[in-house]
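Please keep the sequence at hand and look up each residue as it comes.

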Amino acid sequence: MAKEITCNRCGKKFDIWDTQENFSINTRLGYGTKYDGDDLELDLCCSCMEKLIDECVISPIKENT
Ligand SMILES: [Zn+2]
């Protein structure tokens, strides 16, 4: 069985759709942030990813036609 993933933003356990989409960001945070040198492991469920996209001033969505 795959390891259980929890959404960092809302605390929801990933369901099959969240797991399939697998929105995750793994990166090292640099000196430009207050977390300088720490590692970021961010997992988002589908609805939190949608909220994040909706909060963007410049949409990160590139529509495929
Ligand atoms: Zn969430």
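**Notes on the model**

1. Cysteine 56 is partly exposed, because its relative accessible area is 35%. The model is a predicted one. The closest cysteine sulfur to that of cysteine 56 belongs to cysteine 48 and is 14 Å away, which is too far for a bond. In the structure there are zero disulfides.

2. Which residues hold the zinc ion? Its protein donors are Cys7, Cys10, Cys45 and Cys48, each through its SG atom, lying 2.3 Å from the ion. The angles among the four donor atoms run from 105 to 116°, and the site is tetrahedral. For comparison, the ideal angle for four tetrahedral donors is 109.5 degrees.

3. Along the sequence, the donor residues follow the spacing C-x2-C-x34-C-x2-C. Distant parts of the chain are linked by the pair of cysteine 7 and cysteine 45, which are 38 residues apart. Cysteine 7 sits in the segment before α1 (16–21), while cysteine 45 sits in the loop between β2 (39–44) and α2 (46–55).

4. The largest nonpolar core has seven residues: Ile5, Cys7, Phe14, Leu44, Cys45, Cys48 and Met49. Once neighbours within four places in sequence are left aside, phenylalanine 14 touches Ile5, Thr6, Cys7, Thr19, Asp43, Leu44 and Cys45.

5. Look next at aspartate 18, which lies in helix α1. Its relative accessibility is 2%, so aspartate 18 counts as buried. Leaving out neighbours within four places in sequence, aspartate 18 is in contact with Lys12, Lys13, Cys45 and Cys46.

6. Asparagine 22 is in the loop between α1 and β1 (23–28). Most residues other than glycine have a negative phi. With a relative accessibility of 41%, asparagine 22 counts as partly exposed.

7. Glutamate 41 belongs to strand β2. Because its relative accessibility is 59%, glutamate 41 counts as exposed. Apart from neighbours within four places in sequence, its contacts are Asn8, Ile25 and Asn26. Glutamate 41 and asparagine 22 are 19 residues apart along the chain, and 12 Å separates their C-alpha atoms.

Methods
Residues are numbered from 1 along each chain as its sequence is written. This is a predicted model: local features need pLDDT of at least 70, side-chain atom pairs count only at pLDDT 80 or more; totals for chains, interfaces and linings use all residues. Side-chain values use heavy atoms; hydrogens and water are left out. Donors are N, O and S atoms within 2.8 Å of the metal (3.2 Å for Na, K and Ca); water is not among the atoms, so sites may look incomplete. Four donors count as tetrahedral if all angles lie between 85 and 135 degrees; four count as square planar and six as octahedral if opposite donors are over 155 degrees apart and all others between 65 and 115; anything else is irregular. Helices (H or I, at least four residues) and strands (E, at least two) are DSSP runs, numbered from the N terminus. A disulfide is a pair of cysteine sulfur atoms within 2.5 Å. Buried means under 20% relative accessible area, exposed over 50%, partly exposed in between (1.4 Å probe, protein chains only). A nonpolar core is a set of buried Ala, Val, Leu, Ile, Met, Phe, Trp, Tyr and Cys residues joined through side-chain atoms within 4.5 Å. Contact means heavy atoms within 4.5 Å.
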